[in-house]
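Me: Hey, can you help me get my head around this model? I'd like to go through it bit by bit.

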Amino acid sequence: MAWKAGTDPLSGSSRIPGDRVARESCFEAFVAEHRERAVGLAWRLLGGDAAAAEDVAQEAFVRAYTGLDRFRGEAKLSTWFYRILMNEAQRHRRWRWVRQRFAGDMPAEPRDADAALPGDIVTMAGHNGIY
């Protein structure tokens, strides 16, 4: 197991206790400290969908907890968790696109998260503003 006995769990350090009870209380403290920020980040990544942001953040915490044995301690626990959150948000966006696509509400290709929408200043400048 990759656990190092150790430091304050709220510091976001890479050290997590090895025994189950200590690990659970450490993760509970981690969730309490990072929940609001995680939901906020998910909200931004999902375009302002509050319900989806709550779901994605919760799923990210569950995946992080179930994957604690795979946490190698090479980075801070918070860094590792926020990568999981980003992956969950991306997974949610893909599935949302698939559901909407099969419902006939979406274009044939998913929109890139960083791509400008028609009418955005960047897009308009590239096409002389003609649409």
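Me: How do the axes of helix H1 and helix H2 cross, at roughly what angle?
Reply: Keep in mind that this is a predicted model. The axes of H1 (residues 20-45) and H2 (residues 50-66) cross at roughly 150 degrees, and they come within 9 Å.

Me: And is that crossing left-handed or right-handed?
Reply: The crossing of H1 and H2 is right-handed.

Me: Which residues meet there?
Reply: From H1 you have Glu24, Phe27, Phe30, Val31, His34, Arg35, Ala38, Val39, Ala42 and Trp43. On the H2 side they meet Ala50, Ala53, Glu54, Val56, Ala57, Phe61, Ala64 and Tyr65.

Me: How many of the residues in that contact are nonpolar, polar or charged?
Reply: In the contact of H1 with H2, 14 are nonpolar, one is polar and three are charged.

Me: OK, now H1 and H3. What's the crossing angle for that pair?
Reply: Roughly 35 degrees, with the axes of H1 and H3 coming within 10 Å. That crossing is right-handed.

Me: Who makes the contact?
Reply: H1 brings Phe30, His34, Arg37, Ala38, Leu41, Ala42 and Leu45. H3 brings Leu77, Ser78, Phe81, Tyr82, Leu85, Met86, Ala89 and Arg93. The residues of this contact of H1 with H3 split into eleven nonpolar, two polar and two charged.

Me: Let's take Leu45 from that list. Why does Leu45 count as partly exposed?
Reply: Leu45 has 26% relative accessibility. Buried would need under 20% and exposed over 50%, so a value in between counts as partly exposed.

Me: What does Leu45 touch?
Reply: Leaving out residues up to four places away in sequence, Leu45 touches Met86, Ala89 and Arg93.

Me: How many residues apart in sequence are Leu45 and Ala89?
Reply: They are 44 residues apart in sequence, while their C-alpha atoms are 6.6 Å apart in space.

Me: Switching topic: the largest nonpolar core. Which members touch the most others?
Reply: Ala38, Phe81 and Leu85 do, out of 22 residues in that core. H1, H2 and H3 (77-102) each supply at least two residues of the core. H2 gives the most, with seven residues.

Me: What does Ala38 touch, then?
Reply: Not counting residues up to four places away in sequence, Ala38 touches Ala57, Phe61, Phe81, Tyr82 and Leu85.

Me: Back to H3. Which of its residues are buried?
Reply: Those are Leu77, Ser78, Phe81, Tyr82, Ile84, Leu85, Glu88, Ala89, His92 and Trp97. The buried residues of H3 pack against H1 and H2.

Me: What span should H3 have, and how far apart are its end C-alpha atoms?
Reply: H3 has 26 residues, and at 1.5 Å a residue it should span 38 Å. The end C-alpha atoms of H3 are 38 Å apart, so the two agree.

Me: What follows H3?
Reply: Gly104, whose phi is positive, near 85 degrees.

Me: Zooming out, how many helices and strands does the protein have?
Reply: Four helices and zero strands. Along the sequence the pattern reads α-α-α-α.

Me: And how much of the protein counts as buried?
Reply: Of its 131 residues, 27% count as buried.

Me: Last one: what share of contacts comes from residues 24 or more positions apart?
Reply: They account for 48% of the contacts with a separation of 6 or more.

Conventions
Residues numbered from 1 in each chain as written. Predicted model: local features only at pLDDT ≥ 70, side-chain atom pairs only at ≥ 80, totals over all residues. Heavy atoms only, no water. Axes fitted to C-alpha atoms, helices over the stretch in contact; angles between N-to-C directions. Left-handed = near helix turned anticlockwise from the far one by under 90°. Contact = heavy atoms within 4.5 Å. Nonpolar A, V, L, I, M, F, W, Y, C, P; charged D, E, K, R; others polar. Core = buried A, V, L, I, M, F, W, Y, C linked by side-chain atoms within 4.5 Å. Buried < 20%, exposed > 50% of the residue type's maximum accessible area, 1.4 Å probe, protein only. Expected span 1.5 Å × (residues − 1).
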